[in-house]
Amino acid sequence: MRARKVVIIGGGVAGMQTALRLRALGEEPIIIEREAQLGGKVRNWYLLFPTFIPSADVVEPLMRAVKEQGIEVHLGCEVVQFDNHRVELADGERIDCDAVALCSGSTIFDARLKEEYGYGIYDNVYTSVDIERMMAEGRMPERSPRRVAILHCVGSRDEKVCQRHCSKVCCITGVKQAIELKKLYPKADVFNFYMDIRMFGPGYEELYHTAQRNYNVHFVRGRISEASPLMDGCIQIKAEDTLTGRPLRMSVDMLILLVGMRANDDNVRFAESAGLRLADSGFMRAADLFAGNVRSSREGIFYAGTITAPKSIGEVLNEGVVVADSIVDYLNKQEG
Amino acid sequence: MASVNFGFGISKPRVIDIDRNNLRKSDEILLEMPELQTCIGCGSCTASCTAGNLTSFNFRKVHALVRRGEYAGAYEEMNKCMLCGKCRLLCPRGINTRGVVMLIKRKLGDF
Ligand SMILES: Cc1cc2nc3c(=O)[nH]c(=O)nc-3n(C[C@H](O)[C@H](O)[C@H](O)COP(=O)(O)OP(=O)(O)OC[C@H]3O[C@@H](n4cnc5c(N)ncnc54)[C@H](O)[C@@H]3O)c2cc1C
Ligand code: SF4
Ligand code: SF4
Ligand code: SF4
């Protein structure tokens with residue numbers, strides 16, 4: 001039986017896991033990655049929730065395995081359109097194939113759109129993505145902040161920016177970053193402002209409990225309405241402490257916005273060119289949400305990772321295995 | 001000329017101002033009983049509380065306010081508790097709620 005060619009669009013953790021599994025099953029995966037390196041977003045994170053392991057511990061073994069397996073990888077190549085037998089790159093090159101796995105992930109919400117929080121306007125307003133980078137590069141402020149506020153659901157669960165869905169991983173990221181801040185600055189008061197706390201994964205609720213019990217992180221149920229600068233350079237924030245029914249305000253030295261994952265802008269174009277369906281959130285719509293959650297509505301086109309919804313790395317890696325099995329199953333049926 | 005009383009008054013601000021509040025007492029309380037910080041505001045304690053069903057006493061809200069540095073009236077409120085311990089049977093975070101009442105009363109008694 002000849003090895004069948006499967007193009008994998010996107011070389012993040014989803015794409016790499018899919019490729020490795022397809023190779024293990026004797027197929028010929030080809031990864032097309034827009035960036036100059038494999039790894040996707042996870043490469044930018046510092047320590048991963050819920051166990052605080054370095055992100056490299058996850059990404060590097062995958063990258064090494066892709067290399068060892070001699071999997072064909074095209075870096076710096078962007079897919080502009082595709083259908084189930086052909087993928088077209090930005091430079092006009094076309095690659096014929098037997099199936100496609102779309103693993104192009106999601107896009108980080110641009111916090112500047114929530115102008116009321118002053119991101120890009122005041123220096124001491126950061127996103128969770130900035131904090132990951134600053135922690136990784138050892139660029140956190142040397143002087144301990146007196147007080148830090150972390151705001152949940154920025155660019156998620158918000159009709160005002162047309163993002164109704166929950167980004168799922170930002171609550172636990174907020175808990176993780178609060179603990180990291182307390183480890184770095186034990187004297188600082190850290191306040192998390194949330195609408196709901198969603199601790200969906202194994203060990204997450206326990207980490208939330210640890211943040212409260214062992215690190216004295218304050219959790220306030222209430223969404224910050226606005227951030228404004230003070231004369232001394234601090235940021236003043238206002239919210240309702242809904243559990244006491246009172247308005248609340250405080251000045252903080254750092255405001256951290258937990259930015260969500262939104263659907264890629266490419267999805268619309270991809271859906272048109274390949275005849276795929278989008279969910280209301282703009283993420284790709286899987287065939288169904290049970291046994292068919294890695295299949296698309298079109299034969300020969302499959303999904304893995306955050307292309308269909310926000311997910312944690314563990315969930316994404318599982319999907320990589322499942323999608324490879326589904327693809328092989330499909331290819332075998334095709335050949336009858 | 002004597003001032004005319006038009007009936008206007010100045011309302012006290014209701015805002016919890018963390019910059020103005022002194023969190024020292026609250027920190028002391030949380031240091032003695034860190035489990036109190038794990039409250040998730042579920043309200044089981046208040047729902048079960050006999051005192052809360054007959055008076056305006058709201059155990060959950062009083063200790064939440066104390067943790068924000070709002071101490072005024074907390075001692076008096078906690079005096080409404082009968083220490084029956086029903087709330088402790090329910091708290092999903094396993095907080096020794098009755099102990100919270102005692103601790104807040106001890107810490108804020110001189111307030
Ligand atoms: C701030 C933050 C912190 C997080 N921390 C954790 C954590 O600690 N633990 C955890 O489990 N999860 C964490 N996550 C979630 C984790 O980042 C995702 O689960 C993971 O990135 C999903 O991988 P993916 O491969 O689906 O997508 P991505 O990582 O987005 O990778 C997609 C890849 O596709 C490429 N691509 C996109 N379009 C094209 C195209 N047209 N052509 C070619 N290539 C393309 C991209 O360049 C990218 O390399 C975090 C998320 C955020 C936002
Ligand atoms: S995971 Fe939490 S912070 Fe993120 S969108 Fe959902 S509720 Fe909001
Ligand atoms: S111990 Fe006090 S607060 Fe708890 S239920 Fe009894 S009266 Fe209410
Ligand atoms: S029962 Fe426990 S967790 Fe629930 S509100 Fe009361 S103290 Fe908090």
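Predicted model: local features only at pLDDT ≥ 70, side-chain atom pairs only at ≥ 80, totals over all residues.
Me: What makes chain B and chain A partners in contact?
Reply: Contact requires heavy atoms within 4.5 Å. By that rule, 23 residues of chain B are in contact with 24 residues of chain A. The area buried between the two chains is about 2200 Å², and carbon and sulfur atoms give 46% of that area.

Me: How many residue pairs are in polar contact across the interface of chain B and chain A, and which elements of chain B supply at least two residues of the side that touches chain A?
Reply: There are 16 residue pairs in polar contact across this interface, with both residues at pLDDT 80 or more. On the side of chain B that touches chain A, at least two residues each come from β1 (16-17), α1 (24-32) and α4 (59-67) of chain B. The most is given by α4(B), with four residues. By class, that side of chain B has ten nonpolar, three polar and ten charged residues.

Me: What makes β15 of chain A and β1 of chain B edge strands?
Reply: The open sheet has four strands in the order β15(A)-β16(A)-β17(A)-β1(B), with mixed pairing. Both β15 (226-229) of chain A and β1 of chain B have a single partner strand, so one side of each lacks a neighbour in the sheet. Within this sheet, β16 (residues 235-241) of chain A and β17(A) pair in the antiparallel sense over seven bridges. Q236(A) stands opposite S251(A) in β17(A).

Me: Why is the salt bridge between R157(A) and D196(A) said to tie together parts that are 39 residues apart in sequence?
Reply: The closest N and O atoms of R157(A) and D196(A) are 2.5 Å apart, and the cut-off is 4 Å. R157(A) lies in the loop between β12 (147-154) and α4 (170-184) of chain A, whereas D196(A) lies in the loop between β13 (189-194) and α5 (204-213) of chain A, so the pair joins parts 39 residues apart in sequence. Over all chains, the structure holds 36 salt bridges.

Me: What is the phi of C153(A), and where is C153(A) found?
Reply: Phi is near 60 degrees, a positive value in a residue other than glycine. C153(A) is found in strand β12 of chain A.

Me: How do you know that E33(A) and K41(A) have polar contacts with ligand 1?
Reply: The cut-off for a pair of N or O atoms is 3.5 Å. An N or O atom in the side chain of E33(A) is 2.6 Å from an oxygen atom of ligand 1. For K41(A), a polar side-chain atom lies 2.5 Å from an oxygen atom of ligand 1. Both values fall within 3.5 Å. E33(A) and K41(A) are among the residues that come nearest, out of the 36 around ligand 1. A backbone N or O atom of R34(A) lies 3.1 Å from a nitrogen atom of ligand 1.

Me: Which residues surround ligand 4, and how does the shell divide by class?
Reply: The surrounding residues include C39(B), C42(B), C45(B), H63(B) and C91(B). The shell has six nonpolar, five polar and one charged residues. α2 (44-48) and α4 of chain B each supply at least two of its residues.

Notes: Residues numbered from 1 in each chain as written. Chains lettered and ligands numbered in written order. Heavy atoms only, no water. Buried area = accessible area lost by both parts, 1.4 Å probe. Polar contact = N/O pair within 3.5 Å; in protein donor to acceptor, adjacent residues only side chain to side chain. Nonpolar A, V, L, I, M, F, W, Y, C, P; charged D, E, K, R; others polar. Near = heavy atom within 4 Å. Pairing = 2+ DSSP bridges. Salt bridge = Lys/Arg side-chain N within 4 Å of Asp/Glu carboxyl O.
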